[in-house]
Amino acid sequence: MTGESDLQKLLSGMRPELNPGRYVFTTVEGGVPSGVSPVVTVAEREGLTLVAPLEEADAAGLAYDYVAGWITLRVHSALEAVGLTAAISRELSDAGLSCNVVAGFHHDHLFVPYQHADRAVALLESLAQRSA
């Protein structure tokens, strides 16, 4: 059940997968509104941050500014692995793309500008090939 921690293996085996749909970051006070199924929640002092499907956020009347594509790195990364986030951030930053990273127990999840999500996947696939 232990994840991979070797950076070269992580990069060469990351297999970025673009999940269907558009996702938004929003914040609410209290609980998750009815009809909204967030893919990420973060409890902050200022409120509960939700990353949710755009259609659900719209239906619930939630405000947001950033529309993202959701990329899952299919490699099982160890939570103590060093350098994966930095390498990915550098690759996307060099291409002028923002990236919001969320670590799950099994995988890392990237939220990139929706209109550039396919380009981000291609950049990550290229990084994986160069790391093999």
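Me: Is Phe25 buried, exposed or partly exposed?
Reply: Partly exposed, because its relative accessibility is 24%. Keep in mind that this is a predicted model.

Me: Which ring does Phe25 pair with?
Reply: Tyr66. The pair is edge-to-face, with 5.9 Å centre to centre and 65° between the planes.

Me: How are Trp70 and Phe111 arranged?
Reply: They are stacked, 6.0 Å centre to centre, with 15° between the planes. Trp70 belongs to strand β4 and Phe111 to strand β6, so this pair ties together parts that are 41 residues apart in sequence.

Me: New topic. What is the strand order in the sheet?
Reply: β2-β3-β1-β4-β6-β5, in an open sheet of 6 strands with antiparallel pairing. β2 (40–44) and β5 (100–103) are at the edges with a single partner strand each, so one side of each has no neighbour in the sheet.

Me: How many bridges join β1 and β4?
Reply: 6 bridges, in the antiparallel sense. Leu18, for one, has Ile71 in β4 as its bridge partner.

Me: Which strands does helix α3 lie across?
Reply: β4, β5 and β6. Helix α3 covers residues 84–94 and runs at about 15° to β6.

How values were computed
Residues numbered from 1 in each chain as written. Predicted model: local features only at pLDDT ≥ 70, side-chain atom pairs only at ≥ 80, totals over all residues. Heavy atoms only, no water. Pairing = 2+ DSSP bridges. Helix = DSSP H or I, 4+ residues; strand = E, 2+ residues; numbered from the N terminus. Contact = heavy atoms within 4.5 Å. Axes fitted to C-alpha atoms, helices over the stretch in contact; angles between N-to-C directions. Phe/Tyr/Trp six-rings, centres within 6.5 Å; stacked < 30°, edge-to-face > 60°. Buried < 20%, exposed > 50% of the residue type's maximum accessible area, 1.4 Å probe, protein only.
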